[in-house]
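Please open the model in a viewer and keep the selection tool at hand. The stops below follow one another as a tour.

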Amino acid sequence: MRISFILVALAIAVFSCQPQEKPQICNVDDPLTELVWLKDLLATAAASDLSIYSYLIQGSFQEEPVFILGNCCPFCNWMPVVLDCLGNPIPQATLFEVVDQKVIWRADGSVCT
C-alpha cells in the first residue's frame, strides 16, 4: 500500500510539471532575433560610439506590446520613442504610460542600470 502511494505521488509530480511556455510578444517567440526591424535597430545602437548608454525596454501600451530604445547618456539630449510591433512610433504614448516595463537588451559594456 505504501509503495502504491509513493508511485502515485511520484507519477502526479512528474506529469504535473509542465514546462512553462514563454508568452509570445508581437506574434514571435524572441522579438530580439525574429523582428527584423528591431534586430537592425539594436545592431545600429550597438555599433554607435555611445553604445554603452543604450538599452531596450519592452512593455505594454493600451494592452499592446511596445518597445522603447533607451539611453542613459548623461550629456545627450534624448527623448524616448515608443514603438509598436512593426517599428512604427506611437506619438500619443509616453514613457510613463507604458506599463510592465522590463529591460530586455543592453549593449555590451552598458553603464546603464
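Select cysteine 112 first: at 8% relative accessibility, cysteine 112 counts as buried, where buried means under 20% relative accessible area, exposed over 50% and partly exposed in between (1.4 Å probe, protein chains only). This is a predicted model, in which local features need pLDDT of at least 70 and side-chain atom pairs count only at pLDDT 80 or more, while totals for chains, interfaces and linings use all residues. Residues are numbered from 1 along each chain as its sequence is written, and side-chain values use heavy atoms, with hydrogens and water left out.

**The disulfides**

A disulfide (a pair of cysteine sulfur atoms within 2.5 Å) joins cysteine 72 to cysteine 112, with 2.0 Å from S to S. Cysteine 72 lies in the loop between β2 and β3 and cysteine 112 in the segment after β4, so the pair ties together parts that are 40 residues apart in sequence. Helices (H or I, at least four residues) and strands (E, at least two) are DSSP runs, numbered from the N terminus. The link of cysteine 72 and cysteine 112 is left-handed, with -85° about the S-S bond. Cysteine 72 counts as partly exposed, at 30% relative accessibility.

How many disulfides does the structure hold? There are three disulfides. Select cysteine 26 and cysteine 85 next, which are joined at an S to S distance of 1.9 Å. Cysteine 26 sits in the loop between α1 (2-16) and α2, and cysteine 85 in the loop between β3 (82-83) and β4, so this pair ties together parts that are 59 residues apart in sequence. Their link is left-handed, at -75° about the S-S bond. Cysteine 26 is buried, with a relative accessible area of 13%, whereas cysteine 85 is partly exposed at 21%.

Now select cysteine 73 and cysteine 76, whose disulfide has an S to S distance of 2.2 Å. With 60° about the S-S bond, the link of cysteine 73 and cysteine 76 is right-handed. Cysteine 73 counts as buried at 9% relative accessibility, and cysteine 76 is partly exposed at 27%. When the bonded cysteines of the protein are numbered in sequence order, the pairing reads 1-5, 2-6, 3-4.

**Helix α3**

Select residues 36-47. The 12 residues of helix α3 should span 16 Å at 1.5 Å a residue, and the end C-alpha atoms are 16 Å apart, which agrees; the expected span of a helix is 1.5 Å times one less than its number of residues.

Which residues of α3 are buried? They are Leu38, Leu42 and Ala45. These residues cover an arc of only 60° around the axis, which puts them on the same side of α3; the arc is that of the directions from the helix axis to the C-beta atoms. Then display α2 (31-34), β1 (54-61), β2 (64-71) and β4 (99-106), against which the buried residues of α3 pack. Contact here means heavy atoms within 4.5 Å.

**The nonpolar cores**

Select Ile25, Cys26, Val28, Leu35, Leu38, Leu42, Ala45, Leu56, Phe67, Trp105 and Ala107; these 11 residues make up the largest nonpolar core. Such a core is a set of buried Ala, Val, Leu, Ile, Met, Phe, Trp, Tyr and Cys residues joined through side-chain atoms within 4.5 Å. Helix α3 supplies the largest share of this core, three residues. Centre on leucine 35: not counting residues up to four places away in sequence, leucine 35 touches Cys26, Val28, Asp30, Phe67 and Cys85. Another core, of 10 residues, lies apart from the largest one and includes Val66, Ile68, Ile90 and Val98.

**The sheet**

Show the strands. Four of them form an open sheet in the order β3-β2-β1-β4, and the pairing is antiparallel; two strands pair if DSSP finds at least two bridges between them. β3 and β4 stand at the edges with a single partner strand each, so one side of each is left without a neighbour in the sheet. Eight bridges join β1 to β2. Select leucine 56, whose bridge partner in β2 is leucine 69.

Finish at serine 60, in strand β1. Leaving aside neighbours within four places in sequence, serine 60 is in contact with Pro65, Val66, Glu97, Val98, Val99 and Asp100. Serine 60 and glutamate 97 are 37 residues apart in sequence, and their C-alpha atoms are 8.5 Å apart in space.
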